[in-house]
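Let us read this structure together, one feature at a time.

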Amino acid sequence: MGTLRREKSYQSSIVRSQIAAAVAIGISLGCICAIFFPSGFFSFTHASSATVRYNSNVKAASLRCESTEKVNQLQSDNIRLSSANSELKRQVRELNEKLRLAEKGKDITVIQHPLSSEQTQAGPFGTVKGLRTNPTVVPDESINPRLASILAEVAVRRELIVALANSNVKPMLEVWFTSIKRVGISNYLVVALDDDIVDFCKSNNVQVYKRDPDEAIDVIGKTGGNHDVSALKFRILREFLQLGYGVLLSDIDIVYLQNPFDHLYRDCDVESMSDGHSNATAYGYNDVFDEPAMGWARYAHTMRIWVYNSGFFYIRPTMPSIELLDRIADRLAREKAWDQAVFNEELFFPSHPGYIGLHASRRTMDMYLFMNSKVLFKTVRKDGNLKKLKPVIVHVNYHPDKLPRMNAAVEFYVNGIQNALDPFPDGSE
């Protein structure tokens with residue numbers, strides 16, 4: 001019995017020793033792992049997975065950002081290309097329409113601005129008035145900054161008198177600008193067609209402008225006669241209108257006795273003096289044509305008016321006005337024609353098959369205020385009452401002896417010499 005108890009006690013002691021040793025070994029191993037593997041055995045794998053997930057998220061976000069930018073860029077490109085495509089389609093349609101009309105031999109006109117689509121009701125009888133005064137263009141100073149700068153200083157209320165001159169008309173030019181100064185007009189400008197006129201104007205304190213070199217214009221400007229130089233004005237005036245200025249175009253064979261800007265209506269595109277010598281010829285009349293062979297229908301009524309003078313007219317800066325200048329300049333470049341005839345044909349001829357007329361409004365100036373030399377020498381000087389009237393201008397357009405008649409008009413109206421006009425015949429000899 002004693003032996004058996006000792007054996008059991010011994011075995012129990014061994015087991016306790018083994019457990020203690022196992023515990024000690026476990027603690028030692030734990031300490032070793034804590035030292036050498038502070039993040040645990042699987043921390044590297046977890047960290048790697050987290051890093052991969054992070055990188056994936058960043059890449060995904062970056063791709064989404066890039067994708068949004070690309071989508072926006074593509075949308076912008078699509079809008080731009082669609083707009084360009086629409087513009088090209090519009091141009092193709094216009095070209096096809098022009099080709100179709102050209103094949104029919106019709107004039108092509110570019111619509112400068114759309115007509116108002118707004119509809120209005122007509123008022124009571126006698127109260128309805130149509131549109132007469134077209135809107136002015138938006139000034140474009142980029143076409144000629146140098147001229148724009150000059151006009152800004154010279155013009156008054158965006159209006160001025162403009163005359164073209166070369167050395168051939170120097171004596172008349174002096175009478176012209178002397179009469180302007182006498183009246184007190186400051187808004188006038190001479191467009192010099194050669195250097196001699198530039199020097200002449202500067203020496204007389206006259207505002208002058210010389211265009212940049214243009215061979216097509218310079219050759220005519222330096223050597224051309226009155227009609228040749230007159231034809232140039234329609235090309236030159238275009239820039240003035242594009243810059244937004246109303247121009248009173250004046251030939252040089254004119255004497256100024258009052259300020260013409262005080263006598264303009266400014267309600268039409270073109271306001272011109274007439275070559276007419278009576279109320280009927282200046283403002284229009286019903287001319288009856290008689291053809292006896294037609295029997296009952298022998299009388300045919302026609303409308304007649306004497307032409308506007310292309311040497312003195314006021315032109316507003318409107319689209320129809322610019323179109324008028326373009327039409328005249330184009331025809332004079334292609335045809336051997338008189339500029340005044342073309343000026344009137346474009347103003348008055350209506351649209352008809354094969355031709356689209358100009359939609360410009362026009363007004364005839366008072367023939368006794370804006371007087372041509374036929375009215376002065378054939379009628380006014382012989383009438384006691386009419387001789388008392390003081391015209392705004394006298395234009396010596398009907399007579400080739402221009403300078404002496406200009407001087408005579410100055411003597412009569414300015415200096416009061418009553419017989420100054422007497423030595424001259426009604427017409428020319």
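**Sheets, helices and a charged pair**

Q: How many bridges join strand β1 to strand β2?
A: Five bridges join strand β1 (residues 159-165) to strand β2 (residues 188-192), and the two strands run parallel. Helices (H or I, at least four residues) and strands (E, at least two) are DSSP runs, numbered from the N terminus, and two strands pair if DSSP finds at least two bridges between them.

Q: What should I know about the model before going on?
A: This is a predicted model, in which local features need pLDDT of at least 70 and side-chain atom pairs count only at pLDDT 80 or more, while totals for chains, interfaces and linings use all residues. Residues are numbered from 1 along each chain as its sequence is written, and side-chain values use heavy atoms, with hydrogens and water left out.

Q: In what order do the seven strands of the open sheet stand?
A: The order is β3-β2-β1-β4-β9-β6-β10, and the pairing in this open sheet of seven strands is mixed. The edges are taken by β3 (208-210) and β10 (362-364), each with a single partner strand, so one side of each is left without a neighbour in the sheet. On average, neighbouring strands of this sheet are turned by 30 degrees against each other, direction ignored.

Q: Which helix packs on that sheet, touching β1, β2 and β3?
A: Contact means heavy atoms within 4.5 Å, and angles run from 0 to 180 degrees between N-to-C directions, with axes being lines fitted to C-alpha atoms, for helices over the stretch in contact. Helix α3 (residues 145-154) packs on the sheet and touches β1, β2 and β3, its direction making about 170 degrees with that of β3.

Q: Which strands form the open sheet of three?
A: The order of that sheet is β5-β12-β11, with mixed pairing. At its edges stand β5 (254-256) and β11 (370-372), each with a single partner strand, so one side of each is left without a neighbour in the sheet. The twist from one strand to the next averages 15 degrees. Three bridges pair β11 with strand β12 (residues 393-395) in the parallel sense, and M371 has V394 as its bridge partner in β12. Across β5, β11 and β12 lies α12, which runs at about 20 degrees to β5.

Q: How are helices α4 and α12 placed against each other?
A: Angles under 35 degrees count as roughly parallel, over 145 as roughly antiparallel, 65 to 115 as roughly perpendicular and the rest as oblique. The axes of helix α4 (residues 170-183) and helix α12 (residues 402-413) come within 10 Å and cross at roughly 20 degrees, and α4 and α12 are therefore roughly parallel to each other.

Q: Is the crossing of α4 and α12 left-handed or right-handed?
A: A crossing is left-handed if the near helix is turned anticlockwise from the far one by less than a right angle, and right-handed if clockwise; the crossing of α4 and α12 is left-handed. In this contact, P171, M172, V175, W176 and R182 of α4 meet K402, L403, M406, N407 and V410 of α12. Counting Ala, Val, Leu, Ile, Met, Phe, Trp, Tyr, Cys and Pro as nonpolar, Asp, Glu, Lys and Arg as charged, and the others, Gly among them, as polar, the residues of the contact of α4 with α12 divide into seven nonpolar, one polar and two charged.

Q: How many salt bridges does the structure hold?
A: Side chains of opposite charge can pair when their charged atoms come close. A salt bridge is a side-chain nitrogen of Lys or Arg within 4 Å of a carboxyl oxygen of Asp or Glu, and the structure holds 20 salt bridges. One of them joins D339 with K233, the closest N and O atoms being 3.8 Å apart. Here D339 lies in helix α10 (residues 339-348) and K233 in helix α7 (residues 226-242), so the pair ties together parts that are 106 residues apart in sequence.
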